[in-house]
Amino acid sequence: MSPEATSDEVSFGCIRDIRGIRDVFQKFPNFPRKGSKKFTQYSSERPEITSHDEESNKAKTTKGKIESTKGEKMNLKKQIAVIVLALTATTSPVWSQDRQPLPSPTAHTLHGTWRVTRTAVDCITGQDILSFPAIMTFNQGGTYTGYGVPPGGDPGQGTEYGVWQREPGSHNYSNRAVFYSYTAEGDFDGRGEATEAIQLTTADSFTGTGTVQIFDADGNLIATICATSTGTRFE
C-alpha cells in the first residue's frame, strides 16, 4: 500500500480485496450412488454378497470424508477471518489518523504576521525615546520579512529581511534582520542590523527586547540603539 494513498483509496482498496475472496468454501463432493447389481443369467452363479464388515468400513470411510470436508470448511472460515482482521488492522490507523483534527499552524508559535509597536530606548537609562508601528512576518522555514519606518525616516527604506529560530525555554525565539539605507541620489549609505529576543506571552501576543547597530557605507559601526517591542498576531 502506497504511503501517499488517501483514506478513500485505502477504503476502496480493502473492499476490492475482500470481494476478491469469493467462493472459497468448497462444496461437498458428489459421492457415487450404489448401482443395483445384475444377477447372472446362469443359476450356477451366485450374486456377490457384501459382508457386514465391508458395509461398516464403507460407512466409516464416507463419514471420514464428510468430517474431513467439514474440517476444510472450518479452516477456510478461519483463514478468511484472519484476512479480514489483517485488512482492518491495516486500514484502521489510516482512518483514525484522518479523523484527528489538524493542529493550528499558528498555535503557540511565532510563525505568522504580527502588528508591532517598537520603542527606541536609552541603552543606559532605559528611558523611552520614541515609538512607531511596524509589521513583522515570521515565515515557515525560518525566514523573516518586516517593514517599519521611525519618525523622520524615509518610507522607501523600511523593508527588513532576516531569519528567526526557536530558543531554549518556554516559547522563546530569536530574530536577526538587516536593512539598507540610500542617499537621495540613490547611493548606498549604510546598513542596520537588528538582533531581538522574543517571548510569546500568549498564542497571539509577544514581547521583545533587542539592539540595532548602524554601519556606514564602509562597514564602520557608528551607533547602537536599544529597543523594546510588543506584538499582536494579525489574522
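Let me start with the largest nonpolar core, which has twelve residues in all: Leu110, Trp114, Val116, Met136, Phe138, Tyr144, Trp164, Tyr173, Ala177, Ile198, Leu200 and Phe206. A nonpolar core here is a set of buried Ala, Val, Leu, Ile, Met, Phe, Trp, Tyr and Cys residues joined through side-chain atoms within 4.5 Å. Buried means under 20% relative accessible area, exposed means over 50%, and partly exposed is in between, with a 1.4 Å probe and protein chains only. The elements giving two or more residues to this core are β1 (112–121), β2 (128–138), β5 and β6 (188–202).

Before going on, the ground rules. This is a predicted model, in which local features need pLDDT of at least 70 and side-chain atom pairs count only at pLDDT 80 or more, while totals for chains, interfaces and linings use all residues. Residues are numbered from 1 along each chain as its sequence is written, and side-chain values use heavy atoms, with hydrogens and water left out.

Now the overall layout. The protein chain has two helices and eight strands, and from the N terminus on the order is α-α-β-β-β-β-β-β-β-β. Helices (H or I, at least four residues) and strands (E, at least two) are DSSP runs, numbered from the N terminus. Of the 235 residues in the protein chain, 21% are buried. The accessible surface comes to about 17100 Å², and carbon and sulfur atoms account for 55% of that. Accessible areas come from the Shrake-Rupley method with a 1.4 Å probe, and for residues only the protein chains shown count as cover. Contact means heavy atoms within 4.5 Å. Among contacts between residues at least 6 apart in sequence, 43% join residues at least 24 apart.

Back to the core, and one of its members, Trp164. What is Trp164 in contact with, leaving aside its neighbours within four places in sequence? The list includes Thr109, Leu110, Phe138, Tyr144 and Tyr173. Thr109 itself lies in the loop between α2 (52–99) and β1. Thr109 counts as buried because its relative accessible area is 17%. Not counting residues up to four places away in sequence, Thr109 touches Trp114, Trp164, Tyr173, Leu200 and Arg233.

Next, the strands. Two strands pair if DSSP finds at least two bridges between them. β2 and β3 pair in the antiparallel sense over five bridges, and Gly148 in β3 is the bridge partner of Ala134. The hairpin of β2 and β3 has four residues between the strands, and in this hairpin Gly141 takes a positive phi near 105 degrees. β3 and β4 also pair in the antiparallel sense over five bridges, with Tyr161 in β4 as the bridge partner of Thr145.

In a regular strand the side chains alternate between the two faces of the sheet.

On to charges. The structure holds four salt bridges, a salt bridge being a side-chain nitrogen of Lys or Arg within 4 Å of a carboxyl oxygen of Asp or Glu. One of them joins the side chains of Arg118 and Glu160, at 2.6 Å from N to O. Arg118 is in strand β1 and Glu160 in strand β4 (residues 159–167), so this pair links distant parts of the chain, 42 residues apart. Both Arg118 and Glu160 are buried.

Arg176 forms a salt bridge with Glu193, with the closest N and O atoms 3.9 Å apart. Because Arg176 lies in strand β5 and Glu193 in strand β6, the pair ties together parts that are 17 residues apart in sequence. Arg191 also forms a salt bridge with Glu193, here with the closest N and O atoms 2.8 Å apart.

Last, the outside. Ile124 sits in the loop between β1 and β2. Why does Ile124 count as exposed? Its relative accessibility is 80%. The C-alpha atoms of Ile124 and Cys226 are separated by 9.1 Å, and the two residues are 102 residues apart along the chain.
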